[in-house]
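Reader: I would like to learn how the words used for a structure follow from their cut-offs. Please show me the example first.

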Amino acid sequence: MRFDFVKCHGSGNDFPLIDARGIALPAAEWAAVARALADRRGPVGGDGLLLFRDAGDGADFAMTMLNSDGSEAETCLNGLRCVARMGFEALGIDRATVQLKTSRATVARDAALAPDVYTIRETAGPADLDAAAWPLHGAGGRIVDAPVAPLGSDRHFTAVAMPNPHLVAFVDRIDEAELVAIGESCEAAPDWLPNRANVSFVELRDADADRQALFVRTFERGVGLTDSCGSAMAASAFAACLTGRLAYDAAITVFNKGGLVRAQVARDAMVSLSGNATWEWRGSVSVDTAQARAGDLTVAAHCDAEIAAWARLADAASR
């Protein structure tokens, strides 16, 4: 089967994005498409697959996010901005309510992060502290800046659903080997955490007099160590405010290896992120769903100006 798609990214979190309206495939075949297109060894590659879909019940459109292993995530806030852009362009609107797997989010065009960087503000939540609902067994229903006994680590974590599950630890310095080890233990879907979870290590950073800052590094469920995870940045900002490290309703810059977003956490546990939705190139590709393999790639156009605009911002953010 052949698919047209846009290769895009939000804060360095990159995906093929398909307008799936009118494409009828069973879930197992979409999972195979995701594995084929997100495979870094294949012709496209990405952190997962995004689908732009029709929605009902008052939502303007819907998003499905499939991880690189084919599993479906509850949300992906970096991906949501990309789907929102496709929705805005397809429907001729500049704000919308988007149906996710288990929740909704609102999206709107926002002031550009930098010249020529297409920017969208998304608001999701409320953040949920009921870890027993994940389920996470053997650690109590609410974990705030405390050890997670079954994890076997002395680190203190805050368990937050955005609505996908996150374990957030604030550290003086990020040790990637330790993060990967903890992430892999969660990825193994042990009995105490059967649906797995995302794990983030977070450093507090100085920004300027008017803006607080975080740096987030995440081991993402279904993906592995990733340069960026939007819901992890939202969960980390919320956890920082919940534990008194940062202030509610304040401007927060959240950095990651892929770039940055601007965040704000409200006292009602709603979290807003303002970040890029960058088109890199457009193309089409054939997928053998039986083998989960992609081939015969055709690139229709490169979006050089957008790529350059984001590169300037990401380079400045990394200094």
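**Terms and cut-offs**

Author: P126 lies in the loop between β8 (119–124) and β9 (158–161). Helices (H or I, at least four residues) and strands (E, at least two) are DSSP runs, numbered from the N terminus. The model is predicted, so local features need pLDDT of at least 70 and side-chain atom pairs count only at pLDDT 80 or more, while totals for chains, interfaces and linings use all residues. Residues are numbered from 1 along each chain as its sequence is written, and side-chain values use heavy atoms, with hydrogens and water left out.

Reader: What makes the peptide bond from G125 to P126 cis?

Author: Its omega is near 0°. Most peptide bonds are trans.

Reader: Why is T64 called buried?

Author: Buried means under 20% relative accessible area, exposed over 50%, and partly exposed in between (1.4 Å probe, protein chains only). T64 has 9%, so it is buried. This residue is found in strand β4 (residues 61–67).

Reader: How do you know that the side chains of T64 and R53 make a polar contact?

Author: A polar contact is a pair of N or O atoms within 3.5 Å; within protein, one must be able to donate a hydrogen and the other to accept it, and residues adjacent in sequence count only if both atoms are side-chain atoms. The polar contact between T64 and R53 is 2.9 Å.

Reader: Is R196 buried or exposed, and why?

Author: R196 has 16% relative accessibility, so it counts as buried. D296 has 56%, so it counts as exposed. D296 is found in strand β18 (residues 293–302).

Reader: How do you know that β4 and β6 pair?

Author: Two strands pair if DSSP finds at least two bridges between them. β4 and β6 have two bridges, in the parallel sense, so they pair. For example, F61 has V98 in β6 as its bridge partner.

Reader: How many bridges join β6 to β7?

Author: Five bridges join them, and the two strands run antiparallel. A hairpin of four residues joins β6 to β7.
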